[in-house]
Amino acid sequence: MSERPDAVSPQPDGDAELAFLLRRAGIALTAEQFAAVAQEWQGFRGHVELVNREFTAEDEPAIVFDVLR
Amino acid sequence: MSEALSIAEAGKALRTGATRSLALVEAALAQIEARDPDLCAFVGLHADAGRAAARVADREIAAGRDRGPLHGIPYAIKDIYDVAGEATTCHSRLRLDHRAERDSAVVERLREGGAILLGKLATHEFAFGGPSHDLPFPPARNPWNSAHIPGGSSSGSAAAVAAGYVRFAPGSCTGGSIRGPAAWCGVVGLKPTYGRVSRRGVFPLAWSLDHCGPLAASVEDAALALEVMAGHDPLDPASADQPVPRFSATLDDGVAGMAVGVPRAFFAEHPSLSGEAAAAIELALEVLRGAGATVRDIELPDLKLFGACGRVLMTAELFAIHQKDLRERPGTYGALTLNRFALGATLSAADYLNAQRLRRKLKAAVDEAFAAVEIMVTAISLDTAPAFDPPPNPAAWALQANAFNVTGHPAISVPVGLAANGLPLAVQLVAPAFAEATLLRAARALEARVGIGDGQRPLRAAAFSGAQ
């Protein structure tokens, strides 16, 4: 597949992004609830960035499919 | 019963006839009646059922039937554990109509062991959202100063033990919810190895992080409680099939020659570390050296990685559990709970899996550190418990605990003394997986020399004069 020269990386727009994610999850909040979640999300995003590190394909998650053992 | 009687001492008194289980229960109920209107540790008191169980215990003990170290001993339990026929409210409006069909595994074991259940204890909503005043029950308060929070989410468990109602109270720990409140309430809080105690019948917060364990008035009390609570449960998919030693049997073996590691980077430069909390850690290390241990600094990965890993794992797992209710009735949750639970919608599958990949690396790093040391000593409370007013922000709590929920290693909070404001301080000890016997032995060596006093508060307090 060739790269599209006119492709634009989406710019993060905090509130719009959060609204989209909540809508996708089927969660409807009041304006006040949304504002509180948005504030909480500010700190939480840092945690998500930290876990999305450089991994190799050999780095397996700490989940074992053990139901057949 | 004097609140100074340990479980072992009460057990002896029961077997010689010096006291009766019913007397222990009535003494506990009197304490609860006197203090709990202020402390709010209980959300459901089962006084009549407790008395009935105590009468049975007294008959059994008199007839020579001995169910073990907890026979006839009163306890209370965090209201996320099922008790047959009772509501497991999880301190939430969503669960007020719930009724448990059967006992949780821990309650089954404690019932079989003859322990006497007095009732259900306060928690944060679903073991996460709190302390909060918009829930069906008020938050528990710190018995050392009821204007201060006890910590959580095993808030009622810590308060009930610290107030002297009971000698032990099972709690749960997903990111520090046993050790945190134990530290702030001046009691012992033991998070065993992941899988050591069955989670069956405990409402989950995050399956891969949830640990069940006791809060207790002393290390010995915690050891005896764990002996009964622990054990393989084939109905809990995470239950470890490991033998359960008599943890109390080796408590006084001492720490001579024990290698102790200190991951100093976890806490030494932390901006929230108070002078008194720092002095408490150094005192604990000095005590262990004096008892014959060798102490050295060790390196572990950045604590922020453990914190981030734990938060992402927890948020993804709790979101899966609560997704339906978050869609259908978000406003029924407390505001603090909703703020934190809704964040699960922002996570992708790759976020969760990458957190699990990081988790494997972090666990390996801690295991590697344990190749050179037998115990780690680190911070748990960077400062004393905050006040209810202004409302404390859980994200900013001065506690360090979730690293060992991420890795699953056993960890214990041991009181070390009181700060100048009269509130407890503690340290955290950590051991290799399934080495609770070593962990408890080291904790006992520490407790024997410093602390707040076995069942007697605030005697034998070591007040710190470190500058803030």
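1. A search of the whole of this predicted model turns up 2 cavities of 30 Å³ or more. The second largest cavity has a volume of about 40 Å³.

2. Which residues line the second largest cavity? They are B:Ile80, B:Ala127, B:Ser172, B:Thr174, B:Val202, B:Phe203, B:Pro204, B:Leu205 and B:Asp210. By class, this lining has 6 nonpolar, 2 polar and 1 charged residues. B:Asp210 is the charged one, because Asp counts as charged.

3. Now the pockets. The largest pocket holds about 1200 Å³ of space. Its lining runs to 48 residues. Nearest its centre lie B:Gly307, B:Pro394, B:Ala395, B:Trp397 and B:Leu399.

4. Both chains matter to this lining in terms of named elements: chain A supplies at least two residues from helix H2 (31-51). Chain B supplies at least two from each of helix H9 (303-328), strand E9 (375-379) and helix H12 (403-407). Which element gives the most to the lining of the largest pocket? H9(B) does, with 6 residues. By class, the lining of the largest pocket has 26 nonpolar, 16 polar and 6 charged residues.

5. The second largest pocket holds about 890 Å³ of space. Its lining has 30 residues. Closest to its centre are A:Ala62, A:Ile63, A:Val64, B:Tyr194 and B:Ser208.

6. Two helices of chain B, H11 (349-369) and H12, each give two or more residues to the lining of the second largest pocket. H11(B) gives the most, with 5 residues. The lining of this pocket divides into 14 nonpolar, 9 polar and 7 charged residues.

Technical notes
Residues are numbered from 1 along each chain as its sequence is written. Chains are lettered from A and ligands numbered from 1 in the order in which they are written. This is a predicted model: local features need pLDDT of at least 70, side-chain atom pairs count only at pLDDT 80 or more; totals for chains, interfaces and linings use all residues. Side-chain values use heavy atoms; hydrogens and water are left out. On a 1 Å grid over the protein atoms alone, a cavity is a set of points where a 1.4 Å probe fits but cannot get out, and a pocket is an open set with protein on both sides within 12 Å along at least five of seven lines; lining residues have an atom within 4 Å of a point. Grid points are joined across faces, edges and corners, and a volume is the space filled by probe spheres set on the points. Helices (H or I, at least four residues) and strands (E, at least two) are DSSP runs, numbered from the N terminus.
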